[in-house]
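Below is a short report on a protein model.

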Amino acid sequence: MYTQALNDRPAAAAVEDADQAERFQARIDAEDRIEANDWMPEAYRRTLVRQISQHAHSEIIGQLPEGNWITRAPSLRRKAALLAKVQDECGHGLYLYAAAETLDASREELMDQLMEGRARYSSIFNYPATTWADIGAIGWLVDGAAIMNQIPLCRCSYGPYARAMIRVCKEESFHQRQGFEIMMTLCNGTVAQKAMAQDALNRWWWPCLMMFGPPDGASQHSDQSTRWKIKRFSNDALRQKFVDATVPQAEYLGLTLPDPALAFDAATGHWTHGEIDWDEFKQVLAGNGPCNRDRIEARRAAHENGEWVRAAAAAFAAKQSQRQAA
Amino acid sequence: MAGGPGLRRFFEDENMATNTITVSETPLVLYALRRADDSLILGHRLSEWCGHAPTLEEDMALANIGLDLIGQARSLYGYAAEVEPREDGRSANDEDGYAYFRDAGQYRNLLLCEQPNRDFACTMVRQFFYSAFTDPYWRAMTSSSDPTLAAVAAKSEKESAYHLRHAAEWLIRLGDGTEESHARTQRAVDALWSFTGELFDADDAEDSLVADRLVVHPSAFRDIWSDTVDVGFARAGLRRPDGAWMQRGGRGGRHSEHLGPLLAEMQHLQRSHPGARW
Ligand SMILES: [Fe+2]
Ligand SMILES: [Fe+2]
């Protein structure tokens, strides 16, 4: 919005000199925070814009699967909590788009990329939330996985992103506890409720493991991101952390994780899991998940239906400033 | 009864399956339910926008207002549960009982609150009409002789002041924005106008509470509401409809076609798992 004119900057990479790049890396190595007005390599900026905008899109698209249960939440307490939670996710989207704007990427441009299918968001939100137990499972597992990913980002080398993450993580851990508590209530409930909880876990478990991204070695951006301290742990390390944290929680709920190969390795102290279906992951990223089209369509519809409202607000603001000038 | 035992059993089973509650509607219970139902139904309508609003900022604002209203509903249902007389042995109703186990005919909200969102103009005009009433109403209710109602009013007053400001700003922006936004807003005003008369109604039950100084008569707010609306319309360049006919019925449980589907969606999970806790 404010930065649109700056989007077409010249290919800066050509004029970057080696000294500057070296000084920049030295700052990173010294755990210095990079701020919006500091010099940075063009590739660093591009990497961050890609990551932050994917993250922002995930928050906004992530409103949809849970949002579809707000009007059907089974108690007033749950209804209020779910509405507040989905509202938080929208707020996360806003902080993140604002962080991207500090890197000269406008919200409008990023949103256009999303609606035109040129930008990615987390694969997890392309799965349907079909029962109330999915609201528990999403909070417990999806927000839980998001926390694993995002806590290290609170120490990301780029200041505005790191600060946004600190705020976001506080709310995500609240969401995670709330989701677990929904699962807990279902697991202590009727036979049908417990079955609903198990069914949700069966459907969400594997897609949640995929949230951490392709296995180490297959990931394109990790090495440079690690050197720039944007990424501090590998995909597999974070996935392992998540599995280790979640197995005892599932046990506590009396639920069975849908992985017959799951086993505790006494030598490493970690839980080993079965093979992840990376073909499914690739299909979802390619747009072929169960809900990809619905999600983009819903976002587009909101955007198009809101067009006249945004136009009215802009026209009114223009009239106001004209009146003030007169 | 016509029909064989099979048909009779069908009706008995039906009654068991619906598990609709009965409510002893004393004047105070009825009062609390009416105001709670207004808040819940309107809050529910606003929550339908979540994830679909014209801007992210507005997505958050509508959720905020919805949350305020659902919160007000919960306080008022809680109070209704506290003061509802219990016939021997019957356990008390609670907030979820009132929300999830009453049929449309037992809902007491204003027809205005159940009107569908349609477009953003309609949503904002509905909110403007409602909040232009509740803002002065809750302010006056802070001096209710009933300490619980006074406390609910104290909280609601602050919230309603913000709801009114927010809706009035949009009314003006949309009315004085583009040709399209003006036309949409005028159409919303014309469509919703006939639901505003009910805001000022009270019946014998409510009159008895007025006499005891528990509540303020809603008709006392007609002039201030009218002034707020006129000022808003003037700044927005909107025309006040001439039609004097006002629709009524919500307070007595006679609703439009829009409440049934809303309740079917809201209540289905509770109703299809009788006795479950969530
Ligand atoms: Fe989030
Ligand atoms: Fe979250």
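The text that follows describes chain A and then aromatic pairs.

This is a predicted model, in which local features need pLDDT of at least 70, side-chain atom pairs count only at pLDDT 80 or more, and totals for chains, interfaces and linings use all residues. Residues are numbered from 1 along each chain as its sequence is written, chains are lettered from A and ligands numbered from 1 in the order in which they are written, and side-chain values use heavy atoms, without hydrogens and water.

Chain A has 12 helices and two strands (DSSP runs: helices are H or I of at least four residues, strands E of at least two, numbered from the N terminus). In sequence order the pattern is α-α-α-α-α-α-α-α-α-β-β-α-α-α. The C-alpha trace of chain A spans about 70 × 55 × 35 Å along its principal axes. Of the 326 residues in chain A, 53% are buried (under 20% relative accessible area, with a 1.4 Å probe and protein chains only; exposed is over 50%, partly exposed in between).

Over all chains there are 26 aromatic pairs (rings of Phe, Tyr and Trp, the last by its six-membered ring, with centres within 6.5 Å; planes under 30 degrees apart are stacked, over 60 edge-to-face, the rest tilted). Two of them are listed here.

| Pair | Centre distance | Plane angle | Class |
|---|---|---|---|
| W69(A) and W132(A) | 6.4 Å | 70° | edge-to-face |
| W49(B) and F120(B) | 5.9 Å | 85° | edge-to-face |

W69(A) lies in the loop between α2 (42-67) and α3 (76-101) of chain A and W132(A) in helix α5 (residues 132-150), so their pair ties together parts 63 residues apart in sequence. W69(A) is buried at 2% relative accessibility, and W132(A) is buried at 1%. W49(B) and F120(B) are both buried.
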